Amino acid sequence: MSPQMLHCRITHPRDGQMHTHTVIFLHGRGDTADNFSETINDSTDSHGRTLQDNLPSVRWVFPSSQLRVLARWPVESISQWFDTWDICNLADREELQQPGLKKSVASIRAIAEQEVARHLGGRWDRLILAGISQGGATAVHTLLNLNLPSGHTRLGGLLGFSCRFPFPGRTLAETRAVLGLDDVPEHDQVVRNTPVMIQHCTNDPLVRVEIGRQTRDTLQRFGAPVTWREYPRGGHWIQSPDGIDDSVAWLKEHVFAAGES
């Protein structure tokens with residue numbers, strides 16, 4: 001079955017800038033690409049600059065998730081990458097997450113393949129996956145299930161904010177098997193070679209910081225090189241200004257500098 005085509009909001013590189021990298025940025029549960037692409041600009045660095053101000057050569061791709069019926073309230077549908085029974089406890093009826101997450105990961109893989117082929121000259125090391133909350137969870141599982149062409153060993157990077165990790169406590173192979181996607185690698189090369197930054201605010205009221213630490217620990221157990229940042233304030237969002245400062249510095253060191261060749 002072919003992946004679902006998702007609506008994407010595109011923000012092009014700033015005028016006069018050559019396109020060098022692409023960020024595929026996934027919104028949280030209940031949000032949309034059009035809204036998220038605007039509201040992330042409310043978060044600025046210590047000089048009042050947005051992510052897009054700091055990274056003018058980046059093409060930003062914001063996909064919108066599908067509307068999905070809530071298992072707990074079947075009369076209602078919301079924009080979400082996958083369904084959950086209890087957003088505060090993903091272990092409760094965790095099997096409900098599988099169908100939506102499988103379809104969402106398949107769709108994001110298709111967007112990534114198209115972006116690399118059409119706009120990045122085949123350079124997977126110039127593609128960054130990013131996401132917040134449920135979007136971050138989907139971005140993480142996309143990384144785990146990417147089978148890159150021969151000769152390509154990494155993505156540019158992965159950025160996660162207020163992340164949770166569906167289906168924890170498994171090996172990498174078992175985690176992949178839960179979704180049961182086609183064309184999944186048997187090796188861990190891409191996971192081990194792709195730099196990851198995970199950020200979380202300790203006062204996050206929706207996804208407790210302990211859940212973010214679980215995401216960090218799981219990825220590290222799979223061999224991913226993870227940079228972790230905790231902030232005492234910021235809630236369930238991208239922390240500003242320190243989180244933006246750290247994101248930009250990390251991207252420039254681990255992604256942009258590495259992809260100059």
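**Notebook: aromatic rings**

I started with tryptophan 237, which is partly exposed at a relative accessible area of 26% (buried is under 20%, exposed over 50%, partly exposed in between; 1.4 Å probe, protein chains only). A note on the source: this is a predicted model, where local features need pLDDT of at least 70, side-chain atom pairs count only at pLDDT 80 or more, and totals for chains, interfaces and linings use all residues. Residues are numbered from 1 along each chain as its sequence is written, and side-chain values use heavy atoms, with hydrogens and water left out.

Next I looked for ring pairs, and my search of the whole structure turned up seven aromatic pairs (Phe, Tyr and Trp rings, the six-membered one for Trp, with centres within 6.5 Å; planes under 30 degrees apart are stacked, over 60 edge-to-face, the rest tilted).

I checked phenylalanine 25 with phenylalanine 161: they are stacked, 6.0 Å centre to centre with 20 degrees between the planes. Phenylalanine 25 belongs to strand E2 (residues 21–26) and phenylalanine 161 to strand E7 (residues 157–161), 136 residues apart (helices, H or I, of at least four residues and strands, E, of at least two are DSSP runs numbered from the N terminus). Both phenylalanine 25 and phenylalanine 161 are buried.

I found phenylalanine 36 buried, at 0% relative accessibility.

Last, I noted one aromatic cluster formed by Phe25, Phe36, Trp60, Phe62, Phe161 and Trp237.
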